Each structure stands twice: as structure tokens, then as C-alpha cells.
Amino acid sequence: MDEARMASRDASAAPVAVKLTMKDFKSDQEVRWCPGCGDYAILAAVQSFMPELGIPRERIVFVSGIGCSSRFPYYMNTYGLHSIHGRAPAIATGLSVSRPDLSVWVVTGDGDALSIGGNHLIHALRRNVNLKILLFNNRIYGLTKGQYSPTSELGKITKSTPVGSADSPFNPLSLALGAEATFVARTIDSDRKHLQSVLRAAAEHEGSAFVEIYQNCNIFNDGAFDELKDAGTRDDYLIRLEHGQPIIFGAAREPTGQLSGKDGQFCVVHPPGGFGLEVRETASVSPHDIVVHDAGVADPAYAFALSRLPGEDLRNTPIGVFRQVSRPSYDNLVNSQTEAAKAKATGTPEEQLAGLLTSGDTWTII
């Protein structure tokens, strides 16, 4: 990184406003994913979005684990760390807490984050660490050549499940909401406009922002999300969540998002006398019964119900921001405790250390 763009590495220094372009965020490393991989689209979307943050590159860090998606830090002209399998959230937590001046992003995959890294992921989310976590979900292990992953469908035939997977898959959003994540969203690799709008909302969020990105692995699981991308089916399969707007979808949906009164338009309602949410034809319900999306509902049960709408065939798949609520971040809480301890401290650093070592329960061995 050229010296002209280097800023102070002192954590107390304020970020310097700079005007950057997409080109500034492209590293000199050759991008090495399979031709046609959805990761290319995500990389381009992130690189073109980053200048909007107005943050110097040396104040941005990408941390990854292991997997195809984890090559990401090499291709971003920022600071980055290619860490250990599943441990990116833990490493990023330490970085975020110790350097609150940084914008810390975690890039991970469905195998990296939800298998060996599942424990680290849920604890980062429940703590509300100030991280932006991008989970690339292609429902397969790509780097190790096509084994089933924690999000592969029940009965999925792969190299490691030749007669079909016997494991029920994780729903990443349901998992994140169960961990009380304060920001939860889903988007798609090929929809650049929607992807960037979700990234924008995640970047503005204080605390943990969890974004699942449906990503196509055209070598080992090609076409996993075709119904959500094909022009002939996507409008009837995708539910585009917009805060403050009624949840209406389908090919007959008006461009304004309002009721069309035509067959083939669907909506989300609360089932009478039941729990959760369900999809109905708009012609069969009163407009007053249609759910108006509110990402700010404090109780995660509403967002959780949204996350359970998709069927095995991907029908009724919501995309957008499911939940966005405010809660003190782990970083701020820990740093406040540190500052309070400093304010109470007396004596030299050596005396303070000696006091800590001899405080509490101590024993003298004779």
C-alpha cells in the first residue's frame, strides 16, 4: 500500500476522509476461482461498494477461515488475514475489540462457518461483536471437491454421501436469529443491486451484522438456486422484504409493490388461531391481514418465522433485511470496562500488576 495513503495506526487517531474508487480496492493478486464461480460477482460488488464507506483502506480488515470464499482477503487491497478453519469470528473478535477504529469484515462459507466454526459464529453473534459477517452459502464443500456441507439438502448425493445425506441441513438465518443476532439478512450473488443494498445496511449497523449470500458453485453444485435467478420463476419464488411495506410477491405483483387484484399474486399473513407466518394468495385474504414488514421488531420470533417460510424447492424464499435492532456492542461494553478500570487504578503499572496477582484467593505454600 503506497505511503501517501497510509494513515496513523494509532487506535486513538480519527479516520481520515478519502475519496477512493473500485480500482483502489483491487489487489495485484490473480483471482483464482473456477471460471463462472459466484464468488467473482460478490467480489466485484464488494469492491465497488467499499468506496461508499469513506474509510481509508488501512482502516478496513477482511478476515477469513478456510474454503473457496476464504481467498477473499487476497483480492481486497486492504489489510486482511487468511486464518484457520472456522476460527475467523474468534480472531476478528479480538481485532475488533482491541482496535475499535477498524471496520472488520469476516468472509466465510457454509462449511467453514457452520461445521467446525459453528461455535465461534454463534458466540460472536450473541455477544454482538462489531463485525460484518458474510456467509457464502453454496450448499456444498467446494475447496475439497464436492462433499456435502451443513446446508446440503436431506438426501443430497455427493462424493461423501453416495446414497444421499442423512443429515438435516442448517438454516443459517434461523441459527443466527436463535443466537440473538441484531442484524440478519439474505441476498443473492447475481443480484448486484440487492447485494449492495444489503451490504450498505450491514456496514451502517453497530454490532454483529450477519449476511447470508446464496452463491452458485458451478463445478460441484451448479444450479442450486436457479429458481431464484431464472426470469421465468424468480418472481413467484422470491419474497423481497422492504421495511414498512406489505409483504406481497408473485409475477402479478405491481411494480409499485401494491396489490394488483390478479391471480398469481401472493402475500404473507399470520395464520388464524396459529403461530408463525404463512403464504396465501392475495385474492383470498383481506388487505388488512397482510403482514407489513418490520425489521425492527425487538422479539426475534417474527424474523425467525420469516426465515422458516422457504420450502425444500426454494419457494417463498425471503431476501433482504430480516432483523435490525439496537443493542450495545460487545466492543463498547468491554472497552468501557477497561476505561473504568483505568480510572480507578492507582500506583505504578508494576504495583497494579502485583496487586492483581495477590488479589482474591491466594495461598502460601510452606
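Leu314 sits in the loop that runs between helix α10 and strand β11, the latter covering residues 317–324, where helices (H or I, at least four residues) and strands (E, at least two) are DSSP runs numbered from the N terminus. The phi angle of Leu314 is near 75°, a positive value in a residue other than glycine. With a relative accessibility of 3%, Leu314 counts as buried, a word that here means under 20% relative accessible area, while exposed means over 50% and partly exposed lies in between (1.4 Å probe, protein chains only). The structure is a predicted model, in which local features need pLDDT of at least 70 and side-chain atom pairs count only at pLDDT 80 or more, whereas totals for chains, interfaces and linings use all residues. Residues are numbered from 1 along each chain as its sequence is written, and side-chain values use heavy atoms, with hydrogens and water left out.

Asn128 also has a positive phi, of about 65°, although it is not a glycine. Asn128 belongs to the loop between α5 and β4, and it is buried, with a relative accessible area of 0%. Ala90, by contrast, is found in helix α3 and is partly exposed, at a relative accessible area of 38%. The C-alpha atoms of Ala90 and Leu314 are separated by 32 Å, and the two residues stand 224 residues apart along the chain.

The protein chain contains 12 helices and 11 strands. Its radius of gyration, taken over C-alpha atoms, is 23 Å, close to the 21 Å that the globule rule gives for 366 residues, so the chain is as compact as a globular protein of that length; the rule itself is 2.2 Å times the number of residues to the power 0.38. Along its principal axes, the C-alpha trace spans about 80 × 50 × 50 Å. Of the 366 residues, 46% count as buried. Among the contacts with a separation of 6 or more, 64% are between residues 24 or more positions apart, a contact being heavy atoms within 4.5 Å.

The interior comes next. In soluble globular proteins, nonpolar side chains tend to be buried together. A nonpolar core is a set of buried Ala, Val, Leu, Ile, Met, Phe, Trp, Tyr and Cys residues joined through side-chain atoms within 4.5 Å. The largest such core has 35 residues, and those with the most contacts inside it are Leu125, Phe210, Ile247, Leu277 and Leu306. Several elements each supply at least two residues of this core, including β1 (60–64), α3 (88–98), α5 (118–127) and α10 (301–307), and the largest share, 4 residues, comes from α10. A second, separate core of 31 residues includes Leu20, Trp33, Val46 and Phe72.

Leu125 lies in helix α5 and is buried at 0% relative accessibility. Leaving aside neighbours within four places in sequence, Leu125 is in contact with residues including Ile133, Ala176, Phe210 and Arg327. Leu125 and Leu175 are 50 residues apart in sequence and 9.9 Å apart in space, C-alpha to C-alpha. Ile247, with neighbours within four places again left aside, is in contact with a set of residues, among them Ile239, Phe266, Ile290, Tyr302 and Leu306.
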